[in-house]
Amino acid sequence: MPTVHLLDYVAGNIRSLVNAINQVGYDVEWVKTPEDVKNADKLILPGVGHFGHCLSQLDKGGFLEPIRQHIESGKPFMGICVGLQALFQGSEEDNDVPGLGVIPMRIQKFNDTSKSVPHIGWNSAINTGSDGTKHESFYGLRPTSKYYYVHSYAAPYNPGVLESDGWSVATATYGEEEFIGAISRGNIFGAQFHPEKSGVAGLRAIRAFLNGDQFQSLSQDLVLGKENGLTRRVIACLDVRTNDSGDLVVTKGDQYDVREKSGTDAGGSVRNLGKPVDMAKKYYEQGADEVTFLNITSFRNCPIADTPMLEILRRTSETVFVPLTIGGGIKDTVDTDGTHVPALDVATMYFKSGADKVSIGSDSVFAAEDYYNAGEKLSGKTAIETISKAYGKQAVVVSVDPKRVYVDKPEDTHHHTIKTEFPNSTGQSYCWYQCTVKGGRETRDIDVRQLVQAVEAMGAGEILLNCIDKDGSNSGFDLELIRDVKASIKIPVIASSGAGVPAHFAEVFNKTTTDAALGAGMFHRGEYTVTQVKDYLQSEGFLVRQFEAEI
């Protein structure tokens, strides 16, 4: 196969990019020294995390000047996410570290007063058209397609400025801000989105760059495009554990009890709904915007490097080109040989196997308790802090498992309460949300608002908001819980627990400002598909991404 050179300078999920490059017919050679850059024809610079860390690492390794020379020589160069941002003069993320200066602008942080930051999800990359038309696109980008973004900083778009200097620009809008989603001139192609995580649309962009197909004419139906902006994210979640025969299966509980409750097997075996890799691929092909694996088996007697979830991620990332999240066991631990393994090293194994995000559960509750006991001071040693510092906050999800505790009046508890529209059987109309650990089996003296504010301070980039009371109920999301959490933090929230029909997704998007919604049992049991949920949302006027089958 023809070859492309890939510079992996910093932490991140590089496996998916390699898989995407292989998928479109190219092989990868790794750039390990500055001399390798000089020998490269096509060069890709991917990036996740912090602008200053990225550029400092490149400078420290002696890569900056060879990259400049590669670009100036006219050889093909592609920058992804922070790799795109490196082309600019600098960034507000670190004012002391200069960029390559190829583009005479600076990267700025999104305004977080009116929307969640980071910007996470599927958005547009629509060619602005240097001649005022949109009948031509560059590197396979289409106005009808959506691409996966995850970032807090972006290059604001100023109409005509870069176009007058020969650049082709494709933009996206987030809230009131229009920013550069992709850019091209001559041999240079930069994408703020992650093409390797953008499904078929992203594979199309990678293939066009590698084949040198810079400009393509658009047919009339593609010119019309779709609404520019962030889509509503629909996430498929797979609870994975071993069954009684030792096989890994996807299961689903009712208030976290995953054993059968009816028929001849009532109270018996673990509910088996399918194989994890096969089901993940099925949901990807139905249009799931992300796939989340929650490992609910401890694998206590298994060496960490042999944890079965690593193989599941490796196999899934070969055919599933949307973001993959893995939860369960992301904490400081002791391996079977007695070796202490920090949470950061555990996360690294998952990232190298194909994960884009890690989800931290019980450990985040204990960390939040320590945070408040220390007078709201950060230790710098928690799993959230160490992983987000190394990989960026967008790579850290905190999974929250709260349950309602009813009281007669707010004064009866020192925790934050809400007045609920759903009093309990004794008529109590106030409640607070108590956090739990160990799969909901143990309660802690900390409420959900305390927890999410603490983990946001530690560097979490997203909240996966479950609800024990709603789990397995098929009665809809806990809208009161979601509204309360959204009002208390600025980072994105994924609504989880309770979805039973497509209308529940429309309801949560209509009645809360949640950033995404997650389904599990209704998909696993075959009652509804992800496609049906998205079709329903679209019929209700919501902007969604539809699956593209052909590159």
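Select helix α1 together with helix α6 (residues 199-211), which pack at an angle of about 65° with their axes 9 Å apart; helices here are DSSP runs of H or I with at least four residues, strands are runs of E with at least two, and both are numbered from the N terminus. Axes are lines fitted to C-alpha atoms, for helices over the stretch in contact, and angles run from 0 to 180 degrees between N-to-C directions. Because angles under 35 degrees count as roughly parallel, over 145 as roughly antiparallel, 65 to 115 as roughly perpendicular and the rest as oblique, α1 and α6 are roughly perpendicular to each other. Helix α1 passes α6 in a right-handed crossing, a crossing being left-handed if the near helix is turned anticlockwise from the far one by less than a right angle, and right-handed if clockwise. Show the side chains of L17, A20, I21 and Q23 in α1 and of L203, I206 and L210 in α6, which make the contact, where contact means heavy atoms within 4.5 Å. These residues divide into six nonpolar, one polar and no charged, with Ala, Val, Leu, Ile, Met, Phe, Trp, Tyr, Cys and Pro counted as nonpolar, Asp, Glu, Lys and Arg as charged, and the others, Gly among them, as polar.

Before going on, note that this is a predicted model in which local features need pLDDT of at least 70 and side-chain atom pairs count only at pLDDT 80 or more, while totals for chains, interfaces and linings use all residues. Residues are numbered from 1 along each chain as its sequence is written, and side-chain values use heavy atoms, with hydrogens and water left out.

Next, select the open sheet of eight strands, whose order is β2-β1-β3-β4-β14-β13-β12-β8 and whose pairing is mixed; two strands pair if DSSP finds at least two bridges between them. Its edge strands, each pairing on one side only, are β2 (27-30) and β8 (126-127). Helix α1 (residues 15-23) packs on this sheet, where it touches β1, β2, β3 (43-45) and β4 (77-80), and its direction makes about 140° with that of β2. Zoom in on strand β1 (residues 3-6), which runs parallel to β2 and is joined to it by four bridges, and find V4 opposite V28 in β2.

Strand β5 pairs with strand β6 (residues 103-109) in the parallel sense over three bridges, and the bridge partner of G90 is R106 in β6.

Follow the chain into the loop between β6 and β7 (119-123), where P118 is found. Most residues other than glycine have a negative phi, and most peptide bonds are trans. Yet V117 and P118 are joined by a cis peptide bond, with omega about 15°. Then select Y139, in the loop between β9 (136-138) and β10 (147-151), which has a positive phi of about 50° although it is not a glycine.

The next stop is the antiparallel pair of strand β26 (residues 430-437) and strand β27 (residues 442-447), joined by three bridges, in which Q434 stands opposite D447 in β27. Their hairpin has four residues between the strands, and K438 takes a positive phi near 55° there.

Turn to helix α11 (residues 362-373) and helix α13 (residues 448-458), which pack at an angle of about 85° with their axes 9 Å apart and are therefore roughly perpendicular to each other. Among the residues that meet are A367, A368 and Y371 in α11 and L451, A454 and V455 in α13. By class, this contact of α11 with α13 has ten nonpolar, three polar and no charged residues.

Finally, select helix α15 (residues 502-511) and helix α17 (residues 530-539), whose axes are 8 Å apart and which pack at an angle of about 50°, which makes α15 oblique to α17. Helix α15 passes α17 in a right-handed crossing, and P502, A503, F505, A506 and F509 in α15 meet Q532, V533, Y536 and L537 in α17.
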